[in-house]
Amino acid sequence: MITLALAGKPNCGKSTFFKAATMANAEIANYPFTTINPNFGVAYVRTPCACRSLNLKCGKCTEGVRFVPVNLIDVAGLVPDAHKGRGLGNQFLDHLRQADAILHMVDASGGTDAEGNPVGVGSHDPSGDIKFLEFEMTMWVYGILDKHWAKLNRQAQVKGFSIHQAIADVFTGLKITPEDIHDAELALKLDLVHAKMEDLVRFCAEMVRISKPMLVVGNKADEAPEALRAKLAEQKIAFASAASELALRNAVTAKVVTYLPGDQKFTVVNEASLSPAQKAGLVKIAEVMKQFNGTGVQQAINRAVFELLDRIVVYPVEDENHYCNKQGEVLPDAFLMKKGSTPHDLAYQVHTDIGKGFLYAIDARTKMRIKESHVLKDGDVIKIVSAVK
Ligand SMILES: Nc1nc2c(ncn2[C@@H]2O[C@H](COP(=O)(O)OP(=O)(O)O)[C@@H](O)[C@H]2O)c(=O)[nH]1
Ligand SMILES: [Mg+2]
């Protein structure tokens, strides 16, 4: 399963975002809600369910909206010099290591200083905070590389030694391949074996960029002064109001409104039951949603998965005529596959043995046999025929 991490300074709203995104919404409760520990939870990517285009009914979506689980980590608050172990430094880095992509939260309201202490709204310019996470991560990677560098350099004297493989081995946790490392070396026009410190730091920044794609989320957009927002918008960041999303999900649980995460608006179910304060709160949320086309929480998760991680949604089925599994459940699973994946890759995702025994696949929409090398598209419904049952 894909893992996203919420990172950023203290007090920018990570835990609020986490709580909202991982809250078992009554309407998406088809999925078991699993909290591994308070900082690890399951959030969902929103996608149109394939059942609609097939004119089917499936028990896995809500009115054609499907939520596909991803792991979400609320990373310990990060302060400058975390790479030197300041604050909860090592804990934060260990969490980040597990992530496929990072949602970097900044306080778009300008209400927290560089260290994450609350200050008055508008008194800190958050644009500077964006660079800081990349810097901390780069210096963390550099610290690890530096520890191994003398040894790697000695080994590099031996014939047939691959510095790319050796560096990839040092960073196995980061899922960086020797090819990634070779690409980074070329892109930066470096000669790794003879690189100086500054060059190695640049190289580490590139490795971070490759292995941990990052989406900056300007949270507290509801309180963001126009000038700060405009400046952040130039950097093409996503905006969000995690507090609005959390309030809405609570209102859904209380059956006060109907709303699906990622909707651009909500509907009040029971106006009469609302207190004046609740009414005013909902009016404010409605204004924020109008300005940002929703609360931005679901949108940020979707962008991380579909844009940063380049995923498509593919539905494996066992019965291509009824689009179901052996138990008769229609479109029982949705997989977030990397763009460019083939039916053979899908087979491996379903089960290693199914992958090993892969014979061919059938496109359930056309009932045509498709080749092992066929590139899957978003919304594909695929039956895999494998020698292993
Ligand atoms: N106005 C506003 N306040 C928020 C929002 N999200 C979080 N907060 C507030 O910011 C403070 C810090 O939030 P928290 O989630 O604990 O931040 P963390 O330290 O990054 O985990 C709390 O008082 C939240 O209520 C938001 O979207 N809008
Ligand atoms: Mg927190």
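On its own, ligand 1 has 580 Å² of accessible area, and the protein covers 70% of that (areas by the Shrake-Rupley method with a 1.4 Å probe).

The shell around the ligand holds 15 residues, each with a heavy atom within 4 Å of it. Asn11, Lys14, Ser15, Thr16 and Asp222 come nearest. Helices H1 (14–22) and H9 (242–253) are the elements giving two or more residues to this shell, and H1 gives the most, with three. Helices here are DSSP runs (H or I, at least four residues), numbered from the N terminus.

As for confidence, the mean pLDDT (a per-residue score from 0 to 100) is 90 for the chain, with 95% of residues at 70 or more. Residues 25–36 stay under 50. Where pLDDT is low, the predicted coordinates should not be read in detail.

Residues are numbered from 1 along each chain as written, with chains lettered from A and ligands numbered from 1 in written order. Local features need pLDDT of at least 70, side-chain atom pairs need 80 or more, totals for chains, interfaces and linings use all residues, and side-chain values use heavy atoms, without hydrogens or water.

Notes: pLDDT is the predictor's confidence in each residue, from 0 to 100. Contact means heavy atoms within 4.5 Å.
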